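Please look through the model below before reading on.

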Amino acid sequence: MATKSSINDIDSQIEKLRERRRAIIAKSAERFARAATKSGLAEMEITDTEVDRLVEEIAARFRKGEKKGTAGASVSPRRPAAGGIGTPAEVPHDG
């Protein structure tokens, strides 16, 4: 019987880990949704493909900084993306 109890314990642990994973994913999604809304990105008419590309560019920039040991370095101020994508919709968020 010890084996069956052990399998049940493992199944229980797996379910707890799955729930924890779901919670972490949801929290991360809320964080990025909040940032997109705050920046005005959520209201822009941008295709999913373009959003994916932009986020990948941002991720690559931060990965590059981690490799150089400058993860804590300040990020440059807002600048228009190449080709001016999104520029007309930029709104200052000074207050």
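Glu 50 counts as buried, at 18% relative accessibility. Here buried means under 20% relative accessible area, exposed means over 50%, and partly exposed lies in between (1.4 Å probe, protein chains only). The model is predicted: local features need pLDDT of at least 70, side-chain atom pairs count only at pLDDT 80 or more, and totals for chains, interfaces and linings use all residues. Residues are numbered from 1 along each chain as its sequence is written, and side-chain values use heavy atoms, with hydrogens and water left out.

What does the side chain of Glu 50 meet in a salt bridge? The partner is Arg 53, at 2.5 Å from N to O. A salt bridge is a side-chain nitrogen of Lys or Arg within 4 Å of a carboxyl oxygen of Asp or Glu. Both residues lie in helix 2 (residues 48-68), 3 residues apart, about one turn of the helix. Helices (H or I, at least four residues) and strands (E, at least two) are DSSP runs, numbered from the N terminus. Arg 53 counts as partly exposed because its relative accessibility is 35%.

Arg 53 also forms a salt bridge with Glu 57, where the closest N and O atoms are 2.1 Å apart. Glu 57 and Arg 53 are 4 residues apart in helix 2, so about one helical turn separates them. Glu 57 is partly exposed, at 41% relative accessibility.

A further salt bridge joins Arg 63 and Glu 56, with 3.1 Å between the closest N and O atoms. Arg 63 is partly exposed, with a relative accessible area of 42%, and Glu 56 is partly exposed at 46%. Elsewhere, Glu 15, Glu 19 and Arg 22 are linked in a network of salt bridges. The search of the whole structure finds 5 salt bridges.

Arg 31 lies over the face of Phe 32, at 5.8 Å from the ring centre. A charge sits over a ring if NZ of Lys or CZ of Arg is within 6 Å of the ring centre and within 35 degrees of the ring normal.

The chain as a whole has 2 helices and 0 strands. Of its 95 residues, 4% are buried. The average pLDDT (the predictor's confidence in each residue, from 0 to 100) is 78, and 67% of the residues score at least 70. Over residues 71-95 pLDDT stays under 50, and the model has 15 contacts beyond four places in sequence for them; a contact means heavy atoms within 4.5 Å.
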